[in-house]
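Grab the model and work through these exercises with it open. Each one sets a task, then walks through a solution.

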Amino acid sequence: MTLEDASSAALEAARAGDLDALSHALTDRAEALARGEQPTPGVHAAGELTAQLLRSLIRDTALESARLRQVSE
């Protein structure tokens, strides 16, 4: 998979909240970078947006976890 394809797949997975697909796409992205593929501005932008979405998923999961702990107490 190319760096561009892997970056697009990661972004789509992050938007969908599909952590399994995101994990695979990020692995593919890392492998493409290790092969020496150079990121384009579009690839860089997709990576930045993916990171933002992942931070949002982490925050939302932490908030939901805290809410569920309160409900179960």
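Before starting, one definition: helices here are DSSP runs of H or I with at least four residues, numbered from the N terminus. Keep in mind, too, that this is a predicted model.

**Exercise 1. Work out how α3 is laid out and which of its residues are buried.**

Step 1: get the extent. Helix α3 covers residues 41-72. That makes 32 residues, and the distance from the first C-alpha to the last is 46 Å.

Step 2: check that span against expectation. At 1.5 Å a residue you'd expect 46 Å, and α3 comes out close to that.

Step 3: look for burial, using the cut-off of under 20% relative accessible area. In α3, Val-43, Ala-46, Gly-47 and Thr-50 pass as buried.

Step 4: ask what sits over them. The cover includes α1 (3-16) and α2 (19-34).

**Exercise 2. Describe the surroundings of Thr-50: is it buried or exposed, and which residues does it contact?**

Step 1: Thr-50 belongs to helix α3.

Step 2: read its accessibility. Its relative accessible area is 6%, so Thr-50 counts as buried.

Step 3: collect contacts, skipping neighbours within four places in sequence. What's left is Ser-7, Ala-10, Leu-11, Ala-14 and Leu-22.

Step 4: zoom in on Leu-11. Its backbone nitrogen is 3.5 Å from a polar atom of the Thr-50 side chain.

**Exercise 3. Find the salt bridges and say how exposed their partners are: how many are there?**

Step 1: recall the general idea. Side chains of opposite charge can pair when their charged atoms come close.

Step 2: count. The structure has three salt bridges.

Step 3: take Glu-37 with Arg-35, whose side chains meet at 3.0 Å, N to O. Glu-37 is partly exposed at 27%, while Arg-35, at 51%, counts as exposed.

Step 4: move to Arg-59 and Asp-60, a salt bridge at 3.5 Å, N to O. Arg-59 is partly exposed at 48%, and Asp-60 is partly exposed at 41%.

Step 5: finish with Arg-67 and Glu-64, paired at 2.6 Å, N to O. Here the helix explains the spacing: these two are three residues apart in α3, so about one helical turn separates them. Arg-67 is partly exposed, with a relative accessible area of 41%, and Glu-64 is partly exposed at 36%.

Technical notes:
Residues numbered from 1 in each chain as written. Predicted model: local features only at pLDDT ≥ 70, side-chain atom pairs only at ≥ 80, totals over all residues. Heavy atoms only, no water. Buried < 20%, exposed > 50% of the residue type's maximum accessible area, 1.4 Å probe, protein only. Polar contact = N/O pair within 3.5 Å; in protein donor to acceptor, adjacent residues only side chain to side chain. Contact = heavy atoms within 4.5 Å. Expected span 1.5 Å × (residues − 1). Salt bridge = Lys/Arg side-chain N within 4 Å of Asp/Glu carboxyl O.
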